[in-house]
Amino acid sequence: MSNLPDLDAMPKVMGDDGQFHATDDDVDLSGTPIEAWVALAFFWALGLTVFYQFFTRYVLNNSASWTEEIARYLLIATVFTGATMGVAKNNHIQVDFFFRFMPDWMGRAMGTLVDVVRIAFFAAATFLTGQMMQKLGSYKMTIIDLPMNLVYGVVMAGFAAMCLRSIWVAKVHWQRGYTVLQRPESEMTDR
């Protein structure tokens, strides 16, 4: 037998008049973390920069040389601030196959180890990025006369935010007694 849902039992979207009568749920942005807003701002700045690049290249036939470099740096900023949301939601790529066959105590220990290693990784990445910024000193961008440490500063802030979010995730895992690796169907909002 197939597992397909019965289409007649689902709510009707098209009325007898041939028009769609779908209603959407209210949009609630109250739970949106600050990292998401920062990533959105970088994304919009990236979009506007790429649009300006397209406009100057194909409409004005005189490409703005700075847009290529700035777009690259804005993409980096978008990725590192956006990755913080993945850490906060605890939905980065993970392998939970082996956790299905482990005893509960071993799964709990391994899940805690994963949390600790993740925190240590992001803390080390934050520290190493800071060291790299010190070594760069007053090194400038290629086309724009701005310090490269602006880019690395955003990367370091992203790593630091991921480290803080990892600590928060580990705390939630510890309080509720299981990790998402042990129960893949769970979410960070489950308590």
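# Close-up views of a predicted helical model

View 1. The largest nonpolar core. Eight residues make up the largest nonpolar core: L46, I70, A71, Y73, L74, M141, M148 and V151. A nonpolar core here is a set of buried Ala, Val, Leu, Ile, Met, Phe, Trp, Tyr and Cys residues joined through side-chain atoms within 4.5 Å, and buried means under 20% relative accessible area, with exposed over 50% and partly exposed in between (1.4 Å probe, protein chains only). Helix α2 supplies the largest share of this core, four residues. Another core lies apart from it, with seven residues, among them F122, A125, M162 and C163. Helices are DSSP runs (H or I, at least four residues; strands would be E, at least two), numbered from the N terminus. The model is predicted, so to speak, with local features needing pLDDT of at least 70 and side-chain atom pairs counted only at pLDDT 80 or more, while totals for chains, interfaces and linings use all residues. M141 in its loop. M141 sits in the loop between α3 (104-136) and α4. At 8% relative accessibility, M141 counts as buried. Contact means heavy atoms within 4.5 Å, and, leaving aside neighbours within four places in sequence, M141 is in contact with E69, I70, Y73, L146, P147, M148 and V151.

View 2. Rolling a probe the size of a water molecule over the atoms shows where empty space is left. On a 1 Å grid over the protein atoms alone, a pocket is an open set of points with protein on both sides within 12 Å along at least five of seven lines, whereas a cavity is a set of points where a 1.4 Å probe fits but cannot get out; lining residues have an atom within 4 Å of a point. The second largest pocket has a volume of about 180 Å³, a volume being the space filled by probe spheres set on the points, with grid points joined across faces, edges and corners. Its lining is F42, I70, Y73, L74, I76, A77, M141, L146, L150, V151, V154 and V155. Two or more lining residues come from each of α2 (66-89) and α4, and α2 gives the most, with five residues. By type, the lining of this pocket divides into twelve nonpolar, no polar and no charged residues. For that tally, Ala, Val, Leu, Ile, Met, Phe, Trp, Tyr, Cys and Pro are nonpolar, Asp, Glu, Lys and Arg are charged, and the others, Gly among them, are polar.

**View 3. Helix α1 and what covers it.** The buried residues in α1 are E35, A36, A39, L46, T49, Q53 and T56. An α-helix has 3.6 residues a turn, so residues three or four places apart point the same way. What covers the buried residues of α1 includes α2 and α4. As for length, the 26 residues of α1 should span 38 Å at 1.5 Å a residue, and the end C-alpha atoms are 37 Å apart, which agrees. The expected span of a helix is 1.5 Å times one less than its number of residues.

View 4. T49 belongs to helix α1 and counts as buried at 9% relative accessibility. Not counting residues up to four places away in sequence, T49 touches W66, T67, I70, A71 and L74.

View 5. T56 lies in helix α1 (residues 34-59) and is buried, at 2% relative accessibility. Residues up to four places away in sequence aside, T56 touches N61, N62, S63 and A64. N61 is in the loop between α1 and α2 and is exposed, with a relative accessible area of 68%. Although N61 is not a glycine, it has a positive phi of about 55 degrees.

**View 6. Helix α4 and its end.** The 28 residues of helix α4 (residues 149-176) should span 40 Å at 1.5 Å a residue, and the end C-alpha atoms are 40 Å apart, which agrees. G177 follows α4, with a positive phi near 90 degrees. Within α4 lies A160, partly exposed at a relative accessible area of 27%. A160 and Q19 are 141 residues apart along the chain, with their C-alpha atoms separated by 50 Å.

**View 7. F54 on α1.** F54 is another residue of helix α1, and at 48% relative accessibility F54 counts as partly exposed. F54 and I93 are 39 residues apart in sequence and 34 Å apart in space, C-alpha to C-alpha.

Key
Residues numbered from 1 in each chain as written. Heavy atoms only, no water.
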